[in-house]
Amino acid sequence: SYRRPQTKKNSFKLIAYVDTMSEGEKPTFDWMPEGSEALADGEYDAIVMGTGLKECVLSGLLSVNGLKVLHVDRNNYYGADCASLNLTNLYAKFEAGEVPSYLGANRDYNVDLIPKLIMACGDLTKMLLHSKVTRYLEFKSIDGSYVYKGGKILKVPATPEEALKSSLMGLFEKRRFRKFLIYVDQYVPDKPDTHEGKDLTTMTMRELYTSFGLVEATHEFISHAMCLKTDDTHLDQPAAPTVKELQCYCYSLARYGTSPYIYPIYGLGGLPEGFSRLCAIHGGTFMLNRDVDEITFDGDGKANGIKCGNELARAKIIIGDPSYFPRDKVRPTGKVARSICFLNHPIANTGDKESVQIIIPGPQVGRKNDIFVCSVSNAHAVSAKGVYIAIVSTLMEGDDPNQELSHGLALLGNILQSFTTVANTYEPASDGSADNCFISASFDGSSHFENDVQDMLSLYKRVTGKELDMNINADSVEADY
């Protein structure tokens, strides 16, 4: 059956409908083996497998560029691994039995399986504005951004004024930090008079910190809680990219004042749905509940189509998440542990805020990788009133997910119900130029999209051969193709 996404007024949810094409109308092609049939129209410019966010962004952008796109998913809902589920579907997925009555009405829940926050002025926001997918979504800022230090949850300062009030540092360190932020704020790469004699293309981030007299503890919270680095490898690399990320954080914070993050009303499921609608508006065909049995290849080893039962479709571009491709096309990158927790209270020591982000730098708890905690609630229309959804995630370093997440879970207090998963993560084994297999990387263990957006941009360039124009101002409301 054909399924094309439609928008239901005031719900931001996509409804699939069946397009009634009779069997006699199916096209035939010379390349089709005897006994097989065309899948949908049979021939396309691009076939996209999986309706995760990355795949939906690609199908939306490609269809806008005039390509004929077929988009299939083995599930009967949009979002794949990053879908938003109601209570019934969530409990069914985790085989958790009956939904307890104290959680309230099923319709009040949109629980994200891979919950992540959006940087208000980051690249994902630019993508949403650039494609006008924002027309189908409504966003609300996250109430607070925090960092874990010395056993305490502390607010992250990102303005010179906040720095002077912060308990993260002593008096003299505050002054040095304030001077550092002023430097970062005025720094423009192509204006040497803003560089103060520092070449950030060769100076490392560690050297930049040290040049302002900042101590290692300050390096840690700036890098992990503001630049959103997940480990310390960047410290010995050129400072320019990290400074750009810090500028994005500060600019995003200034945009809304409470935190640098925004989050969609009704959860993240609206993001892939919005890009799916963009694709459909420009002629894309969607087929849900349709598993891909095989990716077909020509004699030169280049992917040229997919097979679903006895139905075939062909295209020169085959895009998808790692789960749709043979194992030799991807390589493992690790495991991510995530725990979705229902609470009946806000997270302690955050000022009773209805939505927060807390970053636990790995070195603070004897780990290499950071632990991420985010909490959302009825304020974002993802749960019933009085119920908070907190998510703890990290890249695993051992074998016990509960142990890996323990420092984050300890911040939550009493937990009504939790759902813990361990996901194997993968990346493409090649860039796709040799075999026409353009594969997205698995979502990382962070609670924000910044690293994943870079994968989307890389995927777009690999498919089209061109950089996606990201020069749009994230404050713009007039952006369009």
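User: Why is Glu311 called buried?

Analyst: This is a predicted model, so every value here is computed from it. Buried means under 20% relative accessible area. Glu311 has 11%, so Glu311 counts as buried. Glu311 sits in strand β16, residues 311-314.

User: Which residues does Glu311 touch, leaving out those up to four places away in sequence?

Analyst: They are Lys26, Glu37, Ala38, Leu39, Arg290 and Ile306. Take Leu39: 272 residues separate Leu39 from Glu311 along the chain, yet their C-alpha atoms are 4.9 Å apart.

User: What makes the pair Glu311 and Arg290 a polar contact?

Analyst: A polar contact needs N or O atoms within 3.5 Å. The side chains of Glu311 and Arg290 are joined at 2.5 Å. That value meets the cut-off.

User: How do you know that helix α3 is largely enclosed?

Analyst: Count its residues. Helix α3 covers residues 123-131, and nine of the nine are buried, so the rest of the structure largely encloses it. Among them are Asp123, Lys126 and His130.

User: What do the buried residues of α3 pack against?

Analyst: They pack against helices α1 (53-64), α9 (270-281) and α12 (450-464). They also pack against strands β8 (118-119), β9 (139-141) and β12 (261-264).

User: How many disulfides does a search of the whole structure find?

Analyst: The search finds zero. A disulfide needs two cysteine sulfur atoms within 2.5 Å.

User: Are Cys56 and Cys279 buried or exposed?

Analyst: Cys56 has 0% relative accessibility, so Cys56 counts as buried. Cys279 is buried too, with a relative accessible area of 0%.

User: What makes Asp435 and Lys329 a salt bridge?

Analyst: The cut-off is 4 Å between a side-chain nitrogen of Lys or Arg and a carboxyl oxygen of Asp or Glu. Asp435 and Lys329 meet at 2.9 Å, N to O.

User: Why does the pair Asp455 and Arg462 count as a salt bridge?

Analyst: The closest N and O atoms of Asp455 and Arg462 are 3.9 Å apart. The limit is 4 Å, so the pair counts. Asp455 is buried, at 13% relative accessibility.

User: How are Glu467 and Lys461 classed by relative accessibility?

Analyst: Exposed means over 50%. Glu467 has 57%, so Glu467 counts as exposed. Lys461 has 39%, so Lys461 counts as partly exposed. Glu467 and Lys461 form a salt bridge, with their closest N and O atoms 3.0 Å apart. Elsewhere, salt bridges that share partners join Lys54, Lys116, Asp444, Asp452, Asp455 and Arg462 into one network. The whole structure has 17 salt bridges.

User: How do you know that the radius of gyration agrees with a compact globule?

Analyst: Compare two values. A compact globule of 481 residues would have a radius near 23 Å, and the protein chain has 23 Å, so they agree. Of those 481 residues, 55% count as buried. The chain holds 12 helices and 23 strands. Among contacts between residues at least 6 apart in sequence, 69% join residues at least 24 apart.

Conventions. Residues numbered from 1 in each chain as written. Predicted model: local features only at pLDDT ≥ 70, side-chain atom pairs only at ≥ 80, totals over all residues. Heavy atoms only, no water. Buried < 20%, exposed > 50% of the residue type's maximum accessible area, 1.4 Å probe, protein only. Helix = DSSP H or I, 4+ residues; strand = E, 2+ residues; numbered from the N terminus. Rg over C-alpha atoms; globule rule 2.2 N^0.38 Å. Contact = heavy atoms within 4.5 Å. Polar contact = N/O pair within 3.5 Å; in protein donor to acceptor, adjacent residues only side chain to side chain.
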